Amino acid sequence: MPKVKKLGNTPNLMVVVSLTIALFLIGLCGLLTLNARKLAEVVRQNVEVQAYLDNELSNTKLDSIYKQIAKYPFVLYKDNSAQINFISKDAAAKQFIDDSGEDFHKLLGKNNNPLLNSYSIKIKEEYFSESRLKEIKKSLERIQGIKEVGYVENFVDEVNKNISKIYLILSGFVLLLLVIIIMLVNNTIKLALYSQRFLIRSMQLVGATDSFIRKPFVSKGALQGLISGFIASTLLIVTQQLAVNKVDGLVILQEIDKMVLLILIILMIGVLVGVTSTFRSVDKYLKLSLDDLY
Amino acid sequence: MFNAEPVVSLQNAFIYQNDRIVLNDVNFTINKGEFVFLIGRTGSGKSSLLKTLYADLWLQQGSAKVAGYQIEKIKLSDRPFLRRKIGVVFQDFQLFMDRNVNENLMWVLEATGWTDRAKMKARIAEVLMQVGLASAKDKMPHQLSGGEQQRVVISRALLNEPQILFADEPTGNLDPEVSAQILQLFKDINKAGTAILMATHDFDMIRQFPARILKCDNGYVKSDDL
């Protein structure tokens with residue numbers, strides 16, 4: 001049996017394997033980005049602003065301050081209740097002594113507590129920047145009965161900066177990978193089509209339109225992209241589940257809906273790369289004159 | 001009048017191979033149903049002339065009309081439609097090796113816009129009959145001899161009832177006996193009304209089948225009507 005020349009035939013394994021590896025790496029970057037984003041969200045949602053209150057306020061006054069704070073748009077709501085906690089000076093003292101190990105009662109006397117009652121306010125994620133927190137501080141300090149407002153300065157900007165750094169590095173990496181797979185797949189398909197260039201020429205000479213000739217090649221490219229996408233997605237899910245099982249606390253960073261989106265994107269990239277690469281390679285031969293083929 | 005119009009006509013055409021002129025100031029016409037040999041040494045420009053006529057090489061200077069298409073102005077998107085009105089045969093013109101004769105021909109019909117299955121089947125039977133391969137429909141190309149493969153290629157060129165066949169050394173790698181049979185086949189096709197322009201350097205063939213001759217020599221095409 002002579003070597004069979006098949007229409008639209010390209011070395012399946014080479015293309016699928018290289019595409020799969022690249023798509024898997026891209027997916028991994030996407031997964032890291034998702035986790036970093038979720039981590040940042042968790043951190044941000046736990047940022048609290050402390051509003052320290054004047055001493056000796058009546059319960060009604062405390063209540064009215066609470067209500068005034070709750071009206072602000074930056075306060076985080078969960079299940080319809082404002083995330084504002086009252087921390088009494090006694091509780092604060094206990095916390096301080098537990099944290100620092102220094103009992104100031106020994107120094108100041110048993111009934112002397114220099115700490116203040118406070119409201120601890122959780123802030124919505126979108127207010128998470130140093131400048132907006134400054135504004136929050138200002139508006140809170142305008143409320144009568146609030147003596148001072150405090151938050152961990154610079155922490156916020158530090159987190160933001162690191163997150164954008166991670167995004168930048170990962171997206172740079174993804175871009176690089178995309179360029180590499182496009183080149184790799186282009187090359188593989190180009191080599192494969194080289195052996196079919198006279199067949200393509202014959203098709204042109206019998207009067208087939210370019211789009212008719214392209215069709216079998218391109219649909220094969222799409223199929224290969226899809227298969228690679230499926231394999232890469234499966235690998236990605238396995239990797240992620242392994243990580244979740246091995247690393248404690250990773251579970252809270254798991255987001256099923258985002259993961260589904262990521263997999264859809266990987267499948268799309270696979271098909272897109274498969275289609276555009278074959279399209280371009282076939283097009284190259286369609287545009288050549290017969291003499292350039294030899 | 002449609003009938004009076006020649007199938008191929010060239011006026012002051014200059015045939016280029018890349019940037020080099022291979023044939024100067026070419027003028028000739030081929031009428032419907034004519035049989036014309038195109039002779040000349042290897043490298044004399046026969047193939048370039050044929051390629052220009054089926055719009056594979058760009059006609060940069062002068063004008064040419066083939067099957068109603070103005071070649072010097074033809075758009076890339078019109079090229080397939082020109083080629084449906086002509087037939088091209090040359091020696092290493094490939095068949096799909098992974099499908100049988102019938103499927104090879106079927107592919108061409110699909111590619112050129114046929115949709116009616118019954119008509120497609122009938123047309124394939126017709127052209128195979130014409131080239132004497134009526135029984136080879138289900139054979140794979142590798143099961144056929146070189147001469148038979150060339151017959152399939154010719155039948156493929158005939159599918160869309162071309163006004164003219166361009167044949168570039170169609171018997172180039174066949175033995176003399178088979179060559180004569182193939183040439184006879186071209187003669188028969190010609191008798192049925194299709195014009196033929198055949199490039200060859202096989203002078204025996206021309207002696208056996210006298211016909212009008214165009215000769216490529218020293219950069220010019222000489223018409224040598226016999």
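**Entry 1: charges over rings.** I started with B:Lys187, which lies over the face of B:Phe35, 4.4 Å from the ring centre. I count a charge as over a ring if NZ of Lys or CZ of Arg is within 6 Å of the ring centre and within 35 degrees of the ring normal. B:Arg99 turned up too, over the face of B:Phe96 at 4.8 Å from the ring centre.

**Housekeeping.** This is a predicted model, where local features need pLDDT of at least 70 and side-chain atom pairs count only at pLDDT 80 or more, while totals for chains, interfaces and linings use all residues. Residues are numbered from 1 along each chain as its sequence is written, chains are lettered from A and ligands numbered from 1 in the order in which they are written, and side-chain values use heavy atoms, with hydrogens and water left out.

**Entry 2: aromatic pairs.** How many aromatic pairs does the structure hold over all chains? I noted 8. Rings of Phe, Tyr and Trp (its six-membered ring) pair if their centres lie within 6.5 Å; planes under 30 degrees apart are stacked, over 60 edge-to-face, and the rest tilted.

I looked up B:Tyr54 and B:Phe166, a tilted pair at 6.5 Å centre to centre with 45° between the planes. B:Tyr54 is in the loop between helix H1 (46-53) and strand E4 (61-66) of chain B, and B:Phe166 is in strand E7 (residues 164-168) of chain B, 112 residues apart. Helices (H or I, at least four residues) and strands (E, at least two) are DSSP runs, numbered from the N terminus. Both B:Tyr54 and B:Phe166 are buried; that means under 20% relative accessible area, with exposed over 50% and partly exposed in between (1.4 Å probe, protein chains only).

Next I checked B:Phe96 and B:Trp107, an edge-to-face pair, 5.0 Å centre to centre and 80° between the planes. B:Phe96 is in the loop between strand E6 (86-90) and helix H3 (101-111) of chain B, and B:Trp107 is in helix H3 of chain B. B:Phe96 and B:Trp107 are buried.

In chain A I found A:Tyr66, A:Phe86 and A:Tyr119 in one aromatic cluster.

Entry 3: The unreviewed UniProt entry annotates "transmembrane region" at residues 12-34, 166-185, 221-238 and 259-279 of chain A. UniProt positions are in the numbering used here, feature names are shortened, and annotations may be inferred rather than shown by experiment. Residues 166-185 of chain A are 100% helix and 0% strand, with end C-alpha atoms 28 Å apart. Residues 221-238 of chain A are also 100% helix and 0% strand, with end C-alpha atoms 26 Å apart.
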